[in-house]
Amino acid sequence: MTSSASSHIFPCRFMSPLPTFLLTMFIAHAQMAFQSVVEYPKTADDILWTPSWKSGGRDEKYGDLGQYCEDLSKVIRRKTRTVECGPVKFGSEHPIVRQTMATTDTSDVKGTMEQVMRCADKGFDLVRITVQGKREANAAAQIREGLFKKGYDIPLCADMHFQPVVSQLVADALEKIRINPGNFADGRKDFEDHIYESESDYISERSYLAEAFIPLVEKCRSLNRCMRIGTNHGSLSSRVLSFYGDTPRGMVESAIEFADMCRSQDYHNFVFSMKASNPLVMVQGYRLLAAEQYRLGWDYPLHLGVTEAGEGEDGRMKSAIGIGTLLADGIGDTIRVSLTEDPEYEYEPCNRLAEIAESQRSSNPEAHRLQTSVPSYADLRDITSFERRTADLPEQQLLDKVDVRGFLHRDGSVITSVTPEMFTPENVQYLYKSLGCKTAVGMPFKDVATSDSLLLRTVPDKTDYAARTGIRRLQDVATGIIVPAEELENNPLQDAVALMTLEDAVWKNGQVCT
């Protein structure tokens, strides 16, 4: 239901304008009066559910699944509505929101406040805190009040699991509630005893979902609280696992089910997330949800994140792969880089991903020039499934002077950046080991885990015999040596691969002048 209270306000007969505060009160009371006479669905039987995907009803009503982003050749941000979370706004008309999650025990009011303030000072726009029960809900209210007193209005999000009643309590104090459809009302994993084979079996248990969830939706609507419907690949409900399996489709259908309940209450101040610890599953889930939103005519913002990405380089790389891929699609309105480190350390990678996304948008002149220079093509990929991309590697030709077959690998190539100092006599054996080489009498040999190619930005001087000997020994066992073209022009290295931009390669016809 999409009726607006403002359209039912009768004209005022005052001859002069009302003071601003009286006008605000008048509108608020009119909205409350309107809401009080509107009868919203209270049971699952009264809700207008989205037609089933599995039965084909959705295809019949809305057509086949189509686009998942605005444009396949240009980075154009997906158009969404604006969702309010205190002073912060999510949506395509606003900057990407940077957020994190506190690692303190929420019942430790002072410790949590201090960590939230550090996160706010670092630059985060929103902080999520865990609320397991009533004790943490009471603490959350104290944290919110304490932050206001210290001049911090950064919104707080309550992370809720298994506690429908407590979620209503915490909604009184915090600006946002995150619910997990997989365990908000029932976190059972007893699908071995409860098999959902038919559509009727699956929808029969919607009653208890509506009974548990709708009161929270009513509370959030009345207080204008924000909500995240945050599906997690690792915690799907028993009925979803039984009916859809451990799949991105199950994640999407679980989220749509809860969105239907929100929409039935004319509540639209929510965002979606489709998190998974595997970036491939995560990307597929978000693209599938975006495609379903296009098909259904929905425009809710998306929160991006890779669950429990880890720490150090691994955590940052996993997040960059998952979040970065979707931002390059123009998908995503708020992001969190989930690291097993103090939350303050999440800001740099989070902010950097947001900055890259903003620079890559087609509205940026340089990004537009690069994106429009790519020839048009037909994308025939099936967005509802994932298959590994296959390609043919370069084949050795009879008259080729260099054997390039070892420079790349069919299952993914490993390219390691090295410097000339690593080839000195005292360092070269350590270099061979770090590259994953086997050695015999000091000579390197390639193994399964050996780097395929090396990126050498600066070539050792031609008089540095020891360093060049170390490079030659790696080349002899089919290790590629990649060097920027301009460096090779100034300091040639036999059998090296020239690194150049596509524009330079076309202009020079792939040749390097030495």
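**View 1. The whole chain, a predicted model.** Of the 514 residues in the chain, 47% are buried (under 20% relative accessible area; exposed is over 50%, partly exposed in between; 1.4 Å probe, protein chains only). The model is predicted: local features need pLDDT of at least 70, side-chain atom pairs count only at pLDDT 80 or more, and totals for chains, interfaces and linings use all residues. Residues are numbered from 1 along each chain as its sequence is written, and side-chain values use heavy atoms, without hydrogens and water. The chain holds 17 helices and 16 strands (DSSP runs numbered from the N terminus: helices are H or I, at least four residues; strands are E, at least two).

**View 2. Glutamine 115 in helix 3.** Helix 3 spans residues 109–122 and includes glutamine 115. This residue counts as buried because its relative accessibility is 4%. Its side chain reaches the backbone nitrogen of threonine 103 at 2.8 Å. Beyond neighbours within four places in sequence, glutamine 115 is in contact with Ala102, Thr103, Thr104 and Pro343 (contact: heavy atoms within 4.5 Å).

**View 3. Threonine 50 and aspartate 260.** Threonine 50 sits in the loop between helix 1 (20–37) and helix 2 (57–62). With a relative accessible area of 12%, threonine 50 is buried. Aspartate 260 is 210 residues away along the chain, yet the two C-alpha atoms are separated by 6.8 Å. The side chains of threonine 50 and aspartate 260 make a polar contact at 2.7 Å (a pair of N or O atoms within 3.5 Å; within protein, one must be able to donate a hydrogen and the other to accept it, and residues adjacent in sequence count only if both atoms are side-chain atoms). Leaving aside neighbours within four places in sequence, contacts of threonine 50 also include Arg58, Ile256, Leu296 and Trp298.
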